[in-house]
Amino acid sequence: MAVVEAYLRKTSPVCEKNGPVCPNSVLLVPEKPLTFGRIISAEANVRLLSKNAPLMISRKHATVALVGGKWCINDHEVR
């Protein structure tokens, strides 16, 4: 089975709940897991932004990777 690139997409309001929607897309490449976090660092290579609650996003928040032919999300829970 051939695995091709995929897109992870989230749509969110730009300024307020009823405001215009801003589409955000991230290219998922099978050979390279992506780790999302509050800042770009050695642990995270995609930055997540939040105007309402920026500290709710951890420095290493979640990783998306291809495992056994399926896309998986690993939530790095911070307690």
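Q: Quick one to start: is Val64 buried or exposed?
A: Val64 counts as buried, because its relative accessibility is 6%, where buried means under 20% relative accessible area, exposed means over 50% and partly exposed covers what lies in between, with a 1.4 Å probe and protein chains only. Please keep in mind that this is a predicted model, in which local features need pLDDT of at least 70 and side-chain atom pairs count only at pLDDT 80 or more, while totals for chains, interfaces and linings use all residues. Residues are numbered from 1 along each chain as its sequence is written, and side-chain values use heavy atoms, with hydrogens and water left out.

Q: Which strand is Val64 in?
A: Val64 sits in strand β5, which covers residues 62-67; strands here are DSSP runs of E with at least two residues, helices are runs of H or I with at least four, and both are numbered from the N terminus.

Q: And what does Val64 touch?
A: Leaving aside residues up to four places away in sequence, Val64 touches Leu8, Leu28, Pro33, Leu34, Phe36, Trp71, Cys72 and Ile73, a contact being heavy atoms within 4.5 Å. One of these, Leu34, is also the bridge partner of Val64.

Q: How far is Val64 from Thr35?
A: Their C-alpha atoms are 6.4 Å apart in space, although the two residues are 29 apart in sequence.

Q: OK, Thr35 then: what stands opposite Thr35 in β5?
A: Thr63 stands opposite Thr35, and the side chains of these two threonines are joined by a polar contact of 2.9 Å. A polar contact is a pair of N or O atoms within 3.5 Å; within protein, one must be able to donate a hydrogen and the other to accept it, and residues adjacent in sequence count only if both atoms are side-chain atoms.

Q: Does Thr63 count as buried or exposed?
A: Thr63 counts as buried, because its relative accessibility is 14%, and Thr35 is buried as well, at 10%.

Q: Which way do the residues of β3 point?
A: In strand β3 (residues 34-37), Leu34 and Phe36 point one way while Thr35 and Gly37 point the other way, and all are buried. In a regular strand, side chains alternate between the two faces of the sheet.

Q: Zooming out, what is the strand order in the open sheet?
A: The open sheet has 4 strands in the order β4-β3-β5-β6, with mixed pairing. The strands β4 and β6 (70-75) stand at the edges with a single partner strand each, so one side of each has no neighbour in the sheet. Two strands are taken to pair if DSSP finds at least two bridges between them.

Q: How many bridges join β3 to β5?
A: There are 3, and the two strands run antiparallel, whereas β3 and β4 (residues 46-47) pair in the parallel sense over 2 bridges, with Arg47 as the bridge partner of Gly37.

Q: What about β5 and β6, how many bridges there?
A: These antiparallel strands are joined by 6 bridges, and in β6 the partner of Leu66 is Trp71. The two strands form a hairpin with 2 residues between them, and Gly68 in the turn has a positive phi of about 60°.

Q: Changing topic, where is confidence lowest and where is it highest?
A: Confidence is lowest in strand β1 (residues 6-13), with a mean of 69, and highest in β5, at 92; the scale is pLDDT, the predictor's confidence in each residue from 0 to 100. The chain has a mean pLDDT of 79, with 73% of its residues at 70 or more.
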